Amino acid sequence: MQYQTVIGLEVHIEPNTKSKMFCGCSQDHFGKKPNTNTCPICLGLPGALPVANKEAINKTIKLGLALGSKISEYSNFYRKHYFYPDLPKGFQTSQKDSPFCIGGELMGFKINHIHLEEDAGKLIHSQGKSLVDFNRSGCALIELVTEPVFHSVADVLKFTKELQLVAKYLDISNADMEKGTMRLEANISLAREIPNAKFQMPNYKVELKNINSFRFLEKAIEAEIRRQELELSEGRTPIQETRGYDENTKKTFSQRTKEDSHDYRYFIEPDLPGLVLENSKFEIRNSKITELPEQKRKKFAEQYKLPKDYIEILASDLGRANYFETAAKLSPDLSKTIANAMINKNLDKEYPEPEEFIKKIRELEDKSYESEQSTQNAIKTVLSENPEIITSYRSGKTQVIGFLIGQVQKQLQGQGNPKLIMEILAKELQK
Amino acid sequence: MNNIPLTIKETQDGLKSKKFNAVELVDSYLAQIKKYNNEYNIFLTVTEEEAYKKAREIDRKGSYATPLAGVVTAFKDIFLTKSVRTTAGSKILENYVPQYSATTVKKIEEAGGIMIGKLNCDAFAHGASGENSDYGPTLNPWNKEYVTGGSSSGSAGAVSANMSLVALGSDTGGSTRQPAGFCDLVGLKPTYGSISRYGVIAMSSSLDTVGTLTHTVDDMEIMYDVLKGEDGLDGTVKNSKAQIIKKSKFKIGIAKEYFIDGLDAEVEKTILEVKKTYEKIGVEVVEISLPHTKYMVPVYYIVMTAEVSSNLGRFDGIRYGFDRSKFGEEAKRRIMLGSYVLSAGYYDAYYEKAMRVRTKIINDFNDAFKTVDAIISPISPTPPFKIGENTNDPLKMYLEDVYTTTANLVGIPSLAIPSSFSKFGLPIGFQLMGPRFSEHQLFELAKKYHKEIDFKPRVAI
């Protein structure tokens with residue numbers, strides 16, 4: 001029996017806002033002393049009330065617009081109830097119906113919706129005790145839910161890496177999996193491939209939780225696919241449950257089955273007034289959205305004629321991509337050399353200022369060019385071999401000079417200084 | 001000093017003319033508290049030291065210029081008061097000392113008010129009699145065999161027993177107006193979104209409002225002006241942009257649906273007398289229809305319990321000292337009801353449907369306010385009842401809320417106005433409801449009424 005893998009993703013991204021989702025505490029909780037980044041609101045103290053963070057809403061909508069989502073005209077927050085020691089109010093403020101962004105796609109992978117919610121605190125288990133750190137409690141968290149459109153681990157990796165890049169390009173988040181500012185959950189199931197029959201979605205799914213690195217992601221999904229294949233091949237349907245991945249055993253393990261799944265008792269959060277979002281206003285703002293990675297790649301290919309592998313390396317790092325562009329604008333004739341110096345020699349790391357970098361490149365270039373004498377010799381050879389070109393140049397067809405330059409470079413095996421060749425050629429042709 | 005003044009104006013006139021000072025005022029209120037509090041069970045915490053400190057500070061300044069300078073105030077024990085124990089009338093929070101104060105507590109302190117203590121109430125504000133307090137019921141100062149009403153039982157008790165000039169309560173389904181009516185006081189349930197709820201322990205977030213209890217309508221107006229307005233901490237609060245229009249001619253409606261079977265004859269008589277009084281002074285009174293009135297209590301008990309079950313979830317035994325076994329019977333009843341109406345499979349039939357009926361109820365009132373400026377209504381279907389009379393019948397107790405839940409479901413202001421006394425000498429009032437942010441119009445209508453009947457503020461003991 002053949003199986004087709006079906007995967008849907010839930011990606012959590014912590015936006016780089018100034019403050020948490022509903023209070024004034026810092027959104028940046030990383031590495032702080034436990035319970036120092038809290039207030040009555042994110043501690044869920046009696047009487048405290050939430051006020052929605054506009055910056056977080058704007059960043060969520062920015063992501064949606066970049067991915068072609070439809071922005072809800074009217075949006076609400078909901079209370080999602082469950083008990084856990086790191087959830088101080090007994091409910092998480094999230095969204096359900098009318099999330100901020102509906103639909104959209106990235107690299108052809110369809111997105112179901114993007115919503116905004118608050119994060120929970122963190123449990124620390126040590127020496128037989130469980131401690132709660134609320135520094136992260138109430139932090140803004142963007143959740144992107146895809147359709148079940150992935151059929152391989154490679155697809156999942158491609159999508160998540162691109163999403164990470166989009167988040168960086170839009171200045172929404174550094175989307176760092178190690179720091180937990182990007183977290184993944186994958187819903188995995190296998191469909192039977194029956195020849196000539198219509199594809200049917202499997203009737204179960206297994207949720208794989210807490211994936212915190214790309215390496216982990218690959219291994220965990222692969223392990224889960226192997227497990228499900230085995231189950232199915234032995235005639236069992238995998239049970240619907242939540243599983244985790246154990247790096248030591250290289251296997252996934254059951255965390256929670258459907259029987260103890262939650263009834264979240266959702267209802268609209270009465271403490272936060274509904275939000276009317278004027279679509280037109282956001283579309284105008286969208287026109288000012290910074291470039292996406294895909295646009296950058298296109299530009300590097302068309303405008304700067306960079307080779308594919310160079311484009312991938314540069315575009316995957318927004319800082320370097322922008323550095324390249326600044327430098328290439330300073331001397332457009334050197335774009336390939338600039339990319340080469342950055343990628344193969346890491347010269348950009350030595351020269352934080354693109355101007356200095358260009359100066360250095362020019363120096364290097366001069367050293368590696370053929371000498372003036374050999375350039376002159378090569379030109380002489382080319383001119384003597386192409387008298388008809390000289391005639392047509394002199395009759396006004398000045399564009400033929402390009403052909404001559406090419407021939408000279410050929411003679412010099414590409415080591416000629418273009419500026420020098422141009423100068424000497426022009427002089428010779430004037431004669 | 002001989003007699004404690006019963007209005008803010010008299011208090012401040014006395015302070016300014018040096019008839020007495022703030023410290024002497026505090027002496028007098030504390031004397032009254034010491035004399036009667038054990039018997040009537042009104043205060044859960046008396047903040048004697050803080051009150052004297054604030055009084056001395058005000059006396060030292062000596063100008064008494066702020067709007068509430070020298071006004072002794074007590075707070076229902078669901079208002080968080082920094083460093084002062086706040087129990088919500090529940091044993092769960094018996095030792096809970098908040099790290100911050102409610103916006104309204106701060107506003108009163110900044111306006112020169114003197115906090116004298118924290119008041120008994122039904123636990124987590126669940127109740128219409130004060131009998132659900134884990135600290136025992138408050139007795140009605142007008143007759144201690146009777147309830148004060150609830151859930152702001154101590155708030156009504158304190159003002160009518162002259163233990164505080166004014167008091168704050170909360171009003172989620174009548175919890176300020178009903179005790180005000182049972183104790184001969186003015187009680188305001190303001191427009192939802194006019195006064196910040198920040199720092200008030202939540203009962204039902206879409207219905208909760210900060211209530212105020214005073215002896216006179218003039219005092220209520222001063223209090224409302226101090227308390228209202230955005231604080232940046234309650235996202236539902238908006239500053240009213242409505243102009244205060246001085247009207248010369250008013251039209252009031254009485255809903256025919258309000259004259260139901262359970263309406264006590266004496267209460268009905270009061271309403272008809274109020275109608276006559278208004279007509280006498282040139283206010284037109286017309287019959288109107290509010291067709292969805294019969295759904296008021298069921299809709300209220302679905303929406304309210306749903307939100308209660310959510311808001312009480314945080315008292316899970318991990319952070320506030322005591323575990324869930326300390327919840328009283330009424331809280332448990334509401335948590336179970338609320339969890340049920342929100343649960344998968346029942347949500348559509350109960351919560352969702354209730355929310356849709358709520359919209360219809362709101363439409364009823366929007367329609368009514370196209371023709372009338374305000375609506376007269378009983379507060380409670382009966383005069384005050386005896387302690388223990390309704391405790392074995394929770395449904396009967398819920399029907400106490402039939403006239404008051406309206407204003408909360410619709411989000412409009414309602415003012416409880418003292419009027420007459422029953423044959424047993426117990427107070428009977430009525431309420432005036434108006435459109436959103438029409439508080440000042442309600443104050444004007446109430447003042448007209450009190451002027452006509454020559455109302456004088458009075459204390460029970």
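In this predicted model, 23 residues of chain A are in contact with 30 residues of chain B, two residues being in contact if their C-beta atoms, placed from the backbone, lie within 7 Å. On the side of chain A that touches chain B there are 14 nonpolar, 4 polar and 5 charged residues; here Ala, Val, Leu, Ile, Met, Phe, Trp, Tyr, Cys and Pro count as nonpolar, Asp, Glu, Lys and Arg as charged, and the others, Gly among them, as polar. Because the model is predicted, local features need pLDDT of at least 70 and side-chain atom pairs count only at pLDDT 80 or more, while totals for chains, interfaces and linings use all residues. Residues are numbered from 1 along each chain as its sequence is written, and chains are lettered from A and ligands numbered from 1 in the order in which they are written.

Pro273(A) has contacts with chain B: leaving aside neighbours within four places in sequence, Pro273(A) touches Gly235(B) and Thr236(B). Pro273(A) lies in the loop between strand 16 (267-268) and strand 17 (275-276) of chain A. Helices (H or I, at least four residues) and strands (E, at least two) are DSSP runs, numbered from the N terminus. Pro273(A) counts as partly exposed because 15 other C-beta atoms lie within 10 Å; a residue is buried with 20 or more such atoms within 10 Å of its own C-beta, exposed with 12 or fewer, and partly exposed in between, C-beta atoms being placed from the backbone.

Strand 8 (residues 109-118) of chain A is mostly covered, with 9 of its 10 residues buried. Strand 8 of chain A pairs in the antiparallel sense with strand 11 (residues 140-146) of chain A over 7 bridges, where pairing requires that DSSP find at least two bridges between two strands. In strand 11 of chain A, Thr146(A) stands opposite Ile111(A). Strand 7 (residues 105-106) of chain A is also antiparallel to strand 8 of chain A, over 2 bridges, and Glu105(A) has Lys110(A) as its bridge partner. These two strands form a hairpin with 2 residues between them, and Met107(A) in the turn has a positive phi of about 55 degrees.

Chain A is divided into domain 1 (2-284), domain 2 (291-368) and domain 3 (372-430), with bounds from an automatic or database domain assignment. The contact between domain 1 of chain A and domain 2 of chain A takes 6 residues from domain 1 and 5 residues from domain 2. On the domain 1 side, helix 2 (residues 153-169) of chain A supplies the largest share, 5 residues.
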